[in-house]
Amino acid sequence: MINIGIIGFGTVGTGTAKILLKNRSLLKDRTGIDINLRRIADIDIKRGRGIKLPKGILTTDAEEIINDPDIHIIVELIGGTTIAREFILKAIKNGKHIVTANKALLATYGNEIFGNAQKANVEIGFEASVAGGIPIIKVIREGLVANRIKAVYGIINGTTNYILTKMTEEKVEFAEVLKEAQRLGYAEADPTYDIEGIDSAHKLAILASLSYGSRFSIKDVYREGISWISPMDIEFARELGYKLKLLAIAKETDNKVELRVHPTMIPEEYLISKVDGVYNAIYVEGDAVGSTLYYGRGAGDMPTGSAVVSDIVDIARNIVNKSIGRIPGMSKSAKMKNLMKMDDVLSMYYFRFSALDKPGVLSKISGILGKYNISIASVIQKGRHERRAVPLVVLTHKAREKDVVRAVREINRLPIVAGKTVFIRVEGKE
Ligand code: HSE
């Protein structure tokens, strides 16, 4: 029998406990191993979670689990980078295997945690840390191990995808949709993590570390959130044949890895554009396999619980078969790849200028774009007001970020431009 202790009885903890209890005999039939949920710790053990637990399983003291000699695997589901880190390091010291959904912790202290685990010969399972129920960690680490990974693109935050989908389909205000996402249990405890792209950046750092055999952290990821996105830009994107998504992008070009999270316009015919609501999707391109796409629920109790339990089963199998460390958490010999500076990133761009509708305005703006080597692909002007500014939308061919930033700064200073220029990166073929 393999004994499990869960620390953190929130949304994912409850989903995990439900699966372990409901599918215990199924898991035993499949694996030949009896996986026993022995203890659950949480500061609040009074609140009902809609689950019937065996007597005496709950405790408010996590140490009881960390120090229980009969527990083999500790599941950390409290989140955050402070107490969770202390608990995990202590549990590793006590020889426990760890399963965690804590992307923030791994994207910040991954080196320390994987390093300590390797020394103590214990496993760290983290399937649930990226894209909830989609087994993307297993895909990259095992299924695609033969490939040099060229690119990983993903919609890896359910909350922002839910918000952008609702804003697109129902023209609902940002704040209203956010409240709904929180009520449904998708959002982080602090929803800033979702809407400012921090959660996606944590997950991207983990995916990139696996894909490029390197140890990237949250600090390596360029990041923009969605709180500044206006329904007007979503509508222009639609008219131009694009969907607006918060995309996390990792790409290797000329031996440099670019890591970025930002609102992105994606051609609407791309499969990933059709990923709506709380669903996540990750596109992985390998040199042997070509293009692949993975789709599923990226948040919520049961989908994330499904990933947690898959890690528990993997570790239980390794314990029983005496093959701990068979598949290392991170690459055995991590080499630091060069990071591409955001300034050097090449992309197509969407600009929305607020310009006066007067003769010569377009030529002034296009003159500045030309000066910075930014080539225009198409232009649309909306509305007609002699005295008020109107939106002037420009799509560009590939340009360098550094040039775009400089051009926008200069354009914003023109007297014929009222208000800050909006610019959004565009993916797809030129
Ligand atoms: N807040 C996260 C999301 C939860 O919305 O995707 C899953 O990591």
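This tour walks through the pockets and cavities of the structure, with a stop at one serine.

**Before you start**

This is a predicted model, in which local features need pLDDT of at least 70, side-chain atom pairs count only at pLDDT 80 or more, and totals for chains, interfaces and linings use all residues. Residues are numbered from 1 along each chain as its sequence is written, and side-chain values use heavy atoms, with hydrogens and water left out.

Rolling a probe the size of a water molecule over the atoms shows where empty space is left. The search uses a 1 Å grid over the protein atoms alone. A pocket is an open set of points with protein on both sides within 12 Å along at least five of seven lines. A cavity is a set of points where a 1.4 Å probe fits but cannot get out. Lining residues have an atom within 4 Å of a point. Points are joined across faces, edges and corners, and a volume is the space filled by probe spheres set on them.

**Stop 1: the largest pocket**

Select Gly79, Lys103, Ala187, Glu188 and Ala189. Of the 40 lining residues, these are the closest to the centre of the largest pocket. Its volume is about 930 Å³.

Now colour the helices α1 (11-22), α5 (103-120), α7 (158-170), α9 (192-195) and α10 (198-212). Each gives two or more residues to this lining. Helices (H or I, at least four residues) and strands (E, at least two) are DSSP runs, numbered from the N terminus.

Domain 1 (2-132 + 301-320) and domain 2 (136-297) each supply at least three lining residues. The domain bounds come from an automatic or database assignment. By class, the lining has 14 nonpolar, 18 polar and eight charged residues. Ala, Val, Leu, Ile, Met, Phe, Trp, Tyr, Cys and Pro count as nonpolar; Asp, Glu, Lys and Arg as charged; the others, Gly among them, as polar.

**Stop 2: the second largest pocket**

Select Tyr153, Lys251, Glu285, Glu427 and Gly428. They lie nearest the centre of the second largest pocket, which 30 residues line. The volume here is about 710 Å³.

Next, show the strands. β7 (149-155), β9 (242-253), β10 (256-267), β11 (279-286), β12 (290-297) and β14 (346-356) each give two or more lining residues. β9 has the largest share, four residues. Domain 2 (136-297) and domain 3 (345-426) each contribute at least three. This lining divides into 14 nonpolar, five polar and 11 charged residues.

**Stop 3: Ser214**

Go to the loop between α10 and β8 (222-223), where Ser214 sits. Is Ser214 buried or exposed? Ser214 counts as buried because its relative accessibility is 1%; the cut-off for buried is under 20%.

Ser214 and Lys337 are 123 residues apart in sequence, but 6.2 Å apart in space, C-alpha to C-alpha.

**Stop 4: the two cavities**

The whole structure holds two cavities of 30 Å³ or more.

For the largest cavity, select Leu164, Thr165, Thr168, Glu169, Lys243, Leu244, Lys245 and Asp276, which line it. Its volume is about 50 Å³. α7 gives the largest share, four residues.

For the second largest cavity, select Met167, Thr168, Lys171, Pro231, Ile234, Glu235 and Arg238. About 40 Å³ of space lies inside the second largest cavity. Both α7 and α11 (231-239) give two or more residues, and α11 gives the most, with four.

Notes. Buried < 20%, exposed > 50% of the residue type's maximum accessible area, 1.4 Å probe, protein only.
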